[in-house]
Amino acid sequence: MANPLPLQARAAVLESFSQPLRSHSFPLPTAPEPGAALVKTEMAGICGTDVHLWRGELPIRLPIILGHETVGTLVSLGEGLKSDWSGQPLAVGDRITWTSTTSCGRCYYCAVKHQPTRCPQRRAYGIGYPCNVPPHFLGGYAEYHYLQPGANLFKLPETLATESVIGAGCALITAIHGVERTGIEWQDTVVVQGTGPVGIAAIAVAKSSGAGRVIAIGGPDHRLVMARTFGADEVISIERTPEPTDRILAVKQLTGGWGADAVLECVGHPSAVVEGMEMCRDGGKYLVLGHYCDAGPISFNPHIITRKQLQVFGSWSSEPRHLQAAIAFLERHSTRFPFASMVTHRFSLAEANEALQTTASLQSAKSVIVPDSGLLKPSL
Ligand SMILES: [Zn+2]
Ligand SMILES: [Zn+2]
């Protein structure tokens with residue numbers, strides 16, 4: 001028999017931008033409303049976006065519990081919640097993950113144009129819900145997580161490690177969506193700009209989508225080693241090749257002078273877009289994937305798109321079906337694409353600030369919070 005649920009539980013709360021997170025207790029919604037669920041957090045990933053949110057670089061309302069990459073164990077289910085997004089039956093004790101966002105399913109973008117990632121009603125756990133009102137627990141940096149009616153839950157296969165799911169995080173589903181929109185043909189030469197989590201995931205997705213050769217551009221060196229592990233055939237260091245013109249030349253030399261069939265931008269800096277289009281072959285494809293935050297404008301000559309007959313794509317977030325595909329992909333390819341190894345730094349909930357700092361300073365491949373892993377420091 002499981003222990004009874006506590007009446008209160010703790011969370012690391014962002015109260016003021018760029019200030020340390022503070023530990024707070026909130027009443028636990030132990031009896032979920034119909035269609036909702038309560039989950040005990042097993043592991044919460046720290047995404048680079050969390051650092052931007054912490055600094056106030058995206059318009060969010062405070063206070064908030066950050067964390068939109070989470071795995072947990074179902075502790076109570078609201079009436080009517082019987083199965084996950086895929087139709088698998090759900091029960092207390094199941095290990096699950098979920099999409100951070102939920103779309104309405106009825107609006108112009110959801111129902112007519114089939115672009116649910118552009119649904120105006122979309123809100124994300126760990127980003128879009130202040131925590132000072134019930135049910136409070138709507139982010140990953142907490143002992144428990146509440147899932148509202150309509151959330152997209154996925155029961156995890158026993159053979160899939162929690163570290164794989166969190167190591168892949170929102171980067172993998174973002175990359176799956178982006179590559180899907182761009183389309184990669186068998187044996188294409190693909191350049192991936194950026195070797196952060198989205199870049200690493202894009203390498204794996206491009207390679208498993210049939211790319212013949214993947215050239216990764218990024219740094220520092222430990223990220224380039226990781227890029228090779230995840231399938232990059234060639235790497236170009238931005239530290240050793242600091243000039244964009246030299247990097248463009250390097251790509252041209254590696255592609256017989258033609259340029260790449262597809263270039264995937266996973267950097268988030270506007271100058272990468274200008275540089276990356278120069279790396280495309282004529283008639284090639286260019287994906288702008290890394291600009292989740294508004295990093296500002298840049299001087300740009302659109303003549304290159306006309307002259308090269310480029311196809312330019314954008315991609316925002318992901319849909320539930322991308323998470324379903326990611327779970328199957330991770331389960332099948334844990335050796336070839338070792339996302340579990342991305343989890344390099346673990347912290348207790350009381351150490352949430354340290355977790356955020358290691359992500360902000362790029363010390364970790366992936367930092368995670370494991371709420372059960374340590375005694376809570378009351379001084380947080
Ligand atoms: Zn994220
Ligand atoms: Zn909608």
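**A loop glycine and its surroundings**

Modeller: G219 is found in the loop between β11 (213–218) and α5 (221–229). Helices (H or I, at least four residues) and strands (E, at least two) are DSSP runs, numbered from the N terminus. The model is predicted, so local features need pLDDT of at least 70 and side-chain atom pairs pLDDT 80 or more, while totals for chains, interfaces and linings use all residues. Residues are numbered from 1 along each chain as its sequence is written, and chains are lettered from A and ligands numbered from 1 in the order in which they are written.

Colleague: Is G219 buried or exposed?

Modeller: A residue is buried if 20 or more other C-beta atoms lie within 10 Å of its own, exposed if 12 or fewer, and partly exposed in between, with C-beta atoms placed from the backbone. G219 has 20 C-beta neighbours inside 10 Å and therefore counts as buried.

Colleague: Which residues does G219 touch?

Modeller: Two residues are in contact if their C-beta atoms, placed from the backbone, lie within 7 Å. Leaving aside residues up to four places away in sequence, G219 touches T195, L224, S237, I238 and E239. Between G219 and S237 the separation is 18 residues in sequence and 5.6 Å in space, C-alpha to C-alpha.

Colleague: In what order do the strands of the open sheet stand?

Modeller: Strands of a sheet pair through backbone hydrogen bonds, either parallel or antiparallel. Here two strands pair if DSSP finds at least two bridges between them. The open sheet has 6 strands in the order β12-β11-β10-β13-β14-β15, with parallel pairing. β12 (234–237) and β15 (311–314) stand at the edges with a single partner strand each, so one side of each has no neighbour in the sheet.

Colleague: Which way do the residues of β10 point?

Modeller: In a regular strand the side chains alternate between the two faces of the sheet. In β10, T189, V191 and Q193 point one way, V190 and V192 the other way, and all are buried. With 5 of its 5 residues buried, β10 is therefore largely enclosed by the rest of the structure. β10 is joined to β11 by 5 bridges, the two running parallel, and Q193 stands opposite I217 in β11.

Colleague: What can be said of the length and bend of helix α3?

Modeller: The expected span of a helix is 1.5 Å times one less than its number of residues. Helix α3 (residues 162–182) has 21 residues and reaches 29 Å from its first C-alpha to its last, close to the 30 Å expected. The bend at a residue is the angle between axes fitted to the seven residues ending there and the seven starting there; in α3 there is a bend of about 70° at G169. Of the 21 residues of α3, 18 are buried. Just after α3, G183 takes a positive phi of about 80°.

Colleague: How is the protein divided into domains?

Modeller: Domain bounds come from an automatic or database domain assignment. The division gives domain 1 (8–161 + 334–373) and domain 2 (170–314). Their contact takes 14 residues from domain 1 and 10 residues from domain 2.
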